[in-house]
Amino acid sequence: MDLRETRSRLSTDSSALTLEGRHAREVLSLVYSYRFVRLVVNGGEIWVYTGPERDYVAIPGTYCSCMDFAIRVVSRGETPYCKHLLGLEVARRLGKYREVRLGSEEAVAVVREALFKGFSKTLHRMLYKY
């Protein structure tokens, strides 16, 4: 699979976006639990999936930092997208995501923590302020 196929499938695959596929229940649970966070940074955006065990950085229709994306999409070419990319597309279309505005330094901290530690303390502090 390549980037063009991933984008094409996510934008035109009606079975995926109507969630009639095999991951429907799992993807809907990601979407309706508001696990996707849109980070707004200097007019741009970065997406993060905040999972129960790990956080993943995602670029809509392009990339996810999860192992499933690395193995099944990139290495083996078995599928054009992981459940996080599919869930992100559905969440975006339904408006089922959280949004955080932050500066460049904070955004870099969130992405680094998610990519290298698997969990962003910086993002979780912002989301769950007391």
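Mentor: The model is a predicted one, and the description below should be read accordingly. The largest nonpolar core comprises 19 residues. Within this core, the residues with the most contacts are Phe36, Cys64, Cys66, Phe69, Cys82 and Leu85. Two or more residues are supplied by each of α3, β2, β3 (55–59), α4 (67–75) and α5 (83–94). Of these elements, α5 gives the largest share, five residues. Another core, of eleven residues, lies apart from the largest one; Val100, Leu102, Val110 and Leu123 are among its members. As a general matter, nonpolar side chains in soluble globular proteins tend to be buried together.

The backbone calls for attention at two loop residues. Most residues other than glycine have a negative phi. Tyr34, however, has a positive phi, near 55 degrees, and is not a glycine. Tyr34 belongs to the loop that joins α3 (24–32) to β1 (36–41). With a relative accessible area of 31%, Tyr34 is partly exposed, because that value falls between the cut-offs of 20% and 50%.

Asn42 is the second case: its phi is positive as well, at about 45 degrees, although Asn42 is not a glycine. This residue is located in the loop between β1 and β2 (44–50). Asn42 has a relative accessible area of 65% and is therefore classed as exposed, the threshold being over 50%.

Terms used
Residues are numbered from 1 along each chain as its sequence is written. This is a predicted model: local features need pLDDT of at least 70, side-chain atom pairs count only at pLDDT 80 or more; totals for chains, interfaces and linings use all residues. Side-chain values use heavy atoms; hydrogens and water are left out. Helices (H or I, at least four residues) and strands (E, at least two) are DSSP runs, numbered from the N terminus. Buried means under 20% relative accessible area, exposed over 50%, partly exposed in between (1.4 Å probe, protein chains only). A nonpolar core is a set of buried Ala, Val, Leu, Ile, Met, Phe, Trp, Tyr and Cys residues joined through side-chain atoms within 4.5 Å.
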